Amino acid sequence: MARSKSSGNWVREHEEDKYVKLARKDGYRSRASYKLIEIQERYKIIRPGMRIVDLGAAPGGWSQVAIKEMRSNGRVYGLDLLPIKPINGMTRIQGDFTENEVLQRLLDELKGQKIDLVISDMAPNLSGMKEIDQPRMVCLMELALEFAGSMLKQGGSFLVKGFQGEGIDNFRQAMKLMFATVKTCKPKASRARSREFYLLGCGMK
Ligand SMILES: C[S@@+](CC[C@H](N)C(=O)[O-])C[C@H]1O[C@@H](n2cnc3c(N)ncnc32)[C@H](O)[C@@H]1O
């Protein structure tokens, strides 16, 4: 099947990307791993012994980083619409994290234990139209924040991906009500031309 010019450009850019090459060399499943590695180097949010929920975990790059940083002493609960190949130290739950049935499967796994850290690299299916994608993204972020509010222990942390634009100021304010500190991060592995960035809330009140 003939490839469009833009998909051909994407494949070429992907193949030449420094973080794609690094991920292959280091055995990470996605270039996204390096975004979490950089945030971890700066803020030390992952520590041994933690219970971490990874929202939108597929294919598993962030979960791999989290398990490595915990030196295999801890557990990651990875939720995604898509299947994830097994990773030692990870419990995989396939489905939409907003659905009660999926939430119940997670609660059954947790057996009453609270979570130390929620990380979310989720994004909605993108249409390429900002007017449609931005509200969808903010909606996903709000659902992830609500999830974090109900799952985290006091003092817990929440890392969430966003797109700069409408609705983000209000979202940041909502995070400030819930967390002692809220920081904005734009890791080097996040492409400069992308509106993608991350918000990190630490010390859930
Ligand atoms: C950018 S990828 C995550 C990459 C991952 N952090 C890694 O390093 O491998 C975003 C993921 O969010 C998932 N996602 C989006 N909405 C979701 C939802 N409502 N419930 C569960 N997963 C969702 C998508 O299926 C997709 O796999």
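This is a predicted model: local features need pLDDT of at least 70, side-chain atom pairs count only at pLDDT 80 or more; totals for chains, interfaces and linings use all residues.

1. Two terms are needed at the outset. Two strands pair if DSSP finds at least two bridges between them. Helices (H or I, at least four residues) and strands (E, at least two) are DSSP runs, numbered from the N terminus. An example of a bridge is that of Asp 54, whose partner in S4 is Ile 119.

2. Residues are numbered from 1 along each chain as its sequence is written.

3. Strand S1 (residues 51-55) runs parallel to S4, and four bridges join them. S4 and S5 also pair in the parallel sense, over five bridges. S4, H6 and S5 together make a right-handed β-α-β unit; a crossover is right-handed if, with the strands pointing away from the viewer, the path from the first strand over the helix to the second runs clockwise.

4. Is S4 enclosed or open? Six of the six residues of S4 are buried, so the strand is largely enclosed by the rest of the structure. A residue is buried if 20 or more other C-beta atoms lie within 10 Å of its own, exposed if 12 or fewer, and partly exposed in between, with C-beta atoms placed from the backbone. Val 118 is buried because 24 other C-beta atoms lie within 10 Å.

5. Residues are in contact if their C-beta atoms, placed from the backbone, lie within 7 Å. Leaving aside neighbours within four places in sequence, the contacts of Val 118 include Val 53, Leu 55, Phe 147 and Phe 158. Val 118 and Asp 54 are 64 residues apart in sequence, yet 6.1 Å apart in space, C-alpha to C-alpha.

6. The largest nonpolar core has 48 residues, and those with the most contacts inside it are Val 118 and Ala 144. Helix H6 (residues 130-151) gives the most to this core, with eight residues. Such a core is a set of buried Ala, Val, Leu, Ile, Met, Phe, Trp, Tyr and Cys residues joined through C-beta atoms within 7 Å. Not counting residues up to four places away in sequence, Ala 144 touches Leu 55, Ser 120, Met 122 and Val 160.

7. Strand S6 (residues 179-185) pairs with S7 in the antiparallel sense, over six bridges; here Cys 185 stands opposite Tyr 198 in S7.

8. Helix H4 is mostly covered, with eight of its nine residues buried. Those buried residues pack against helix H3 (33-43), S1, S2, strand S3 (90-94) and S4. Arg 71, which follows H4, has a positive phi, near 50°.

9. How many residues surround the ligand? There are 21, the closest being Ser 30, Ala 32, Gly 56, Gly 61 and Asp 121; a residue is near a molecule or strand if its C-beta atom, placed from the backbone, lies within 6 Å of it. Helix H4 (61-69) and strand S2 (75-80) each supply at least two residues of this shell.

Conventions. Two residues are in contact if their C-beta atoms, placed from the backbone, lie within 7 Å.
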